[in-house]
Amino acid sequence: MLKTFQLGGIHPPENKLTAEKSIQKMAIPKVVYVPIAQNIGIPSEIIVAVKDTVEIGQLIAKSGGFVSSNIHSPVAGIVTKLDKIVDTSGYKKQCIVIRTDEKNLSNFEKIIYPLKTNIELSSTEILQRIADFGIVGLGGATFPSHVKLHINPDKKIEYLIINGVECEPYLTADHRLMLEKSAEIIVGIKILMSALQLKKAIIGIENNKKDAIALFKNLTQNESKIQVASLKVKYPQGSEKQLISALLKREVPKNGLPPDIGVIVHNVGTIFAIYEAVQHNKPLTERVVTVTGKNLKNPANFWVKIGTPISDLIKEVGGLPEGTRKIINGGPMMGKAIKNTDVPITKGTSGILVIAEEEASRKKTENCIRCGECVFVCPMGLEPHLLMSLAERGLFERALAEDVNSCIQCGSCSYVCPSNRPLLDYIRFGKNSVKNLTLIQN
Amino acid sequence: MSTSSIIVSASPHIHADRTSKKIMYDVVIALIPAFLISIYIFGFGALIVTSVAIISCLLFEYLIQKYLLKTTISIGDGSALITGILLAFNLPSNLPLWMVIVGSLVAIGIAKMSFGGLGFNIFNPALVGRVFLLISFPVQMTSWPTVLENNTVFADAVTGATPLGIIKDGLMMGETMTDLSSKLPSQMEMFLGMTGGSLGEMSALALILGGLYLLIRKVISWHIPVTMLGTMAAMTGIFWLINPEQYVNPLFHILTGGAILGAFFMATDLVTSPMTKKGMVVFAVGIGVITVVIRLFGAYPEGVSFAILIMNAFVPLINSNFKPRRFGAPIKSKIIK
């Protein structure tokens, strides 16, 4: 029996069009737009000025606080502007614009790092490196990794869980990375285990990536501390809480975090970024992005410099097809729709999905027939229909009592609702209103 | 490129292709076997009563939406169609047609539209219509044509009692089950539907087929039908074991009357049943117990419709008291803080 989480879950069509396509290196963009708000928490602070010359990997914006991260230049070039541009959030955000210096050869050097397995840095050095080199959660949440790794001494961590689930339909960035950088990921896991003195690690991979499971099982044959677990395909298993529940049958308390139950979780992409930072002194300046959609000519996986405009990627896969109605930053379940392709790739962009009318448009909202589907699929055991009606009527205190804050915004309720009710929209509204309410009360 | 056609909306960006309409028409499909059997058994009468019920339900919903509520017409959503079919299934096949029309008006007008239409009604509309007719016209509502002999004649059908009615009357006259057994149909006859009764509750086989279809299509879950029939079997089983001369066996109770129809099609009505699995179990136990109490100790031989309506009234209470298990029990030390 394959493992999976207990409460709720859905099975949307997987549509992993790019699972067989190896990761291509994107050409160096002429101009990069590097937003300074690339992590959850406090935005970074710009430390360069217009007309400054910057090198690849040079620090250009420093961490603005504890829950913040450093940002490094993805290219060698000249800072041409410090401007506000619309980023993937849909809001105008401060951004560093760098024109690539086409004469600077470092931009075009093909560096192939040999696999380096022996870990030379000490525990503190590793943690410092992760903070210095701007590593954030690459699964999409962009939570600064050093914050996650800063464990309160009264919490005893038993397990490091590596999230290779990639439960969002269409996306294959993590899948390809696992296939192509498996040895490096194993070293990355060992780096974290040695930094935190952990005894056990589990790599969780859904069963639709059998090749990756086999590869990791093979690589970890002689590793007594690292296990590979294959999971039943079910959305939203890539969510931290659901993944822990699937692997260990432990539930993160609703007012707690994974360390409260002895676990920390990192995405495979983050593990690879940590490997490169620790072993090869490379800050986080590029990532894997899946560019996909049923009507695209050549959907593909790319290594992309942070700050590359999405339009460059779309061009690379054959241009926007006729009849495109939505461009999504991320997957179809939790990604954000963006207005145009001028928006740059950030540390949190795992995919760009282009969809046409039939999939994109919402259908007419009808009366709730009280079928209870939303309740059955909710992975947090909530009652989405109730939360929606409470939010609709402005009863935020009751929504709070009904655990609206436990919602992980996976969208399963809206996905299944046979009456096309915008459940998650109202729940988000409820969550935000509850947040404002508590702010006022305090 | 032109960005004017690009739309922006919040996630999720994809949707399952299951709609309320598809669910409703799945229920209609599931009712077809039982409908065909009832035409075979009762002939033209079954067809006429069902057609009149369907047409008047749709018509009343249309008229109310158009002239009273002045809202969009939604008679195509399949829900009024189901109400019509289920109402007809709960009527004798020789009921005067004007009564069928009155029943439809009560079902749609009072039980459904006055509460706000689809999704807002507390009570199962078809059952409200049926119970209204049963109380208003007890004689016509409990005179059933005898089976098969007259399936081509509509007007002058000979009436016969239901198996449950035979037992109720017999036991009140002081007869024992042994005395009554010769008057009762065999269990196989009941399973196939060759007994007296309302037009759609006849064949357990046809209804179970339809119920299985609903289970396979995931329109309903097993919780309500299995719990309700299980409760009935357990409770009647206890009485039967204590005194088999006064109480009939559990299988008889499940195969007769509206038990199967109620368990698969009426109690499982999405709108009027609880929204959590725990709640469904509580709801179905309630229906089972009330049905058995009415059948064994009440004035009426049959109690499924009353039991479902009574439990319908408890659904809001059940929903707020039997919630799904929330993920992640909170840490106590943090609550105090």
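Because the model is predicted, local features need pLDDT of at least 70 and side-chain atom pairs count only at pLDDT 80 or more, while totals for chains, interfaces and linings use all residues. Residues are numbered from 1 along each chain as its sequence is written, and chains are lettered from A and ligands numbered from 1 in the order in which they are written.

Let us start with chain A as a whole. Chain A holds 14 helices and 17 strands; these are DSSP runs numbered from the N terminus, with helices being H or I of at least four residues and strands being E of at least two. Its radius of gyration is 22 Å, close to the 22 Å that the globule rule gives for 442 residues, so chain A is as compact as a globular protein of that length. The radius is taken over C-alpha atoms, and the rule is 2.2 Å times the number of residues to the power 0.38. Along the principal axes, the C-alpha atoms of chain A fill a box of roughly 65 × 50 × 50 Å. Of the 442 residues, 55% count as buried (20 or more other C-beta atoms within 10 Å of the residue's own; exposed means 12 or fewer, partly exposed lies in between, and C-beta atoms are placed from the backbone). Among contacts in chain A between residues at least 6 apart in sequence, 73% join residues at least 24 apart; a contact here means that two C-beta atoms, placed from the backbone, lie within 7 Å.

Now for a sheet. In chain A, four strands make an open sheet in the order 11-10-9-12, with parallel pairing (two strands pair if DSSP finds at least two bridges between them). Strand 11 (226-231) and strand 12 (263-267) of chain A stand at the edges with a single partner strand each, so one side of each has no neighbour in the sheet. From one strand to the next, the twist averages 25°. Strand 10 (residues 200-206) of chain A is joined to strand 11 of chain A by six bridges, and A:I203 stands opposite A:V228 in strand 11. Across strand 9 (159-164), strand 10 and strand 11 of chain A lies helix 5 (residues 210-219) of chain A, running at about 160° to strand 11. Axes are lines fitted to C-alpha atoms, for helices over the stretch in contact, and angles run from 0 to 180 degrees between N-to-C directions.

Strand 14 (residues 300-305) of chain A is worth a stop too. Five of its six residues are buried. Strand 1 of chain A runs parallel to strand 14 and is joined to it by two bridges, with A:K25 opposite A:W303. Strand 13 (residues 286-292) of chain A runs antiparallel to strand 14, with six bridges between them, and A:T290 faces A:N301.

Where do chains A and B meet? The contact takes 55 residues from chain A and 35 residues from chain B. On the side of chain A that touches chain B, the elements giving two or more residues include strand 16 (336-338) and helix 14 (423-441) of chain A, but strand 15 of chain A gives the most, with five residues.

Within chain B, the axes of helix 5 (residues 125-136) and helix 15 (residues 304-321) come within 10 Å and cross at roughly 130°. These two helices of chain B are therefore oblique to each other (under 35 degrees is roughly parallel, over 145 roughly antiparallel, 65 to 115 roughly perpendicular and the rest oblique). Among the residues making the contact are B:L127 and B:V131 of helix 5 and B:F306 and B:L309 of helix 15.

Finally, the backbone. Most residues other than glycine have a negative phi, and most peptide bonds are trans. The peptide bond from A:Y235 to A:P236 is cis, with omega near 0°, and A:P236 lies in the loop between strand 11 and helix 6 (240-248) of chain A. In chain B, the bond from B:S11 to B:P12 is also cis, with omega near -5°. A:N15 has a positive phi of about 50° although it is not a glycine, and with 21 C-beta neighbours inside 10 Å A:N15 counts as buried. A:R370 has a positive phi near 55° and sits in the loop between helix 9 and helix 10 (373-377) of chain A.
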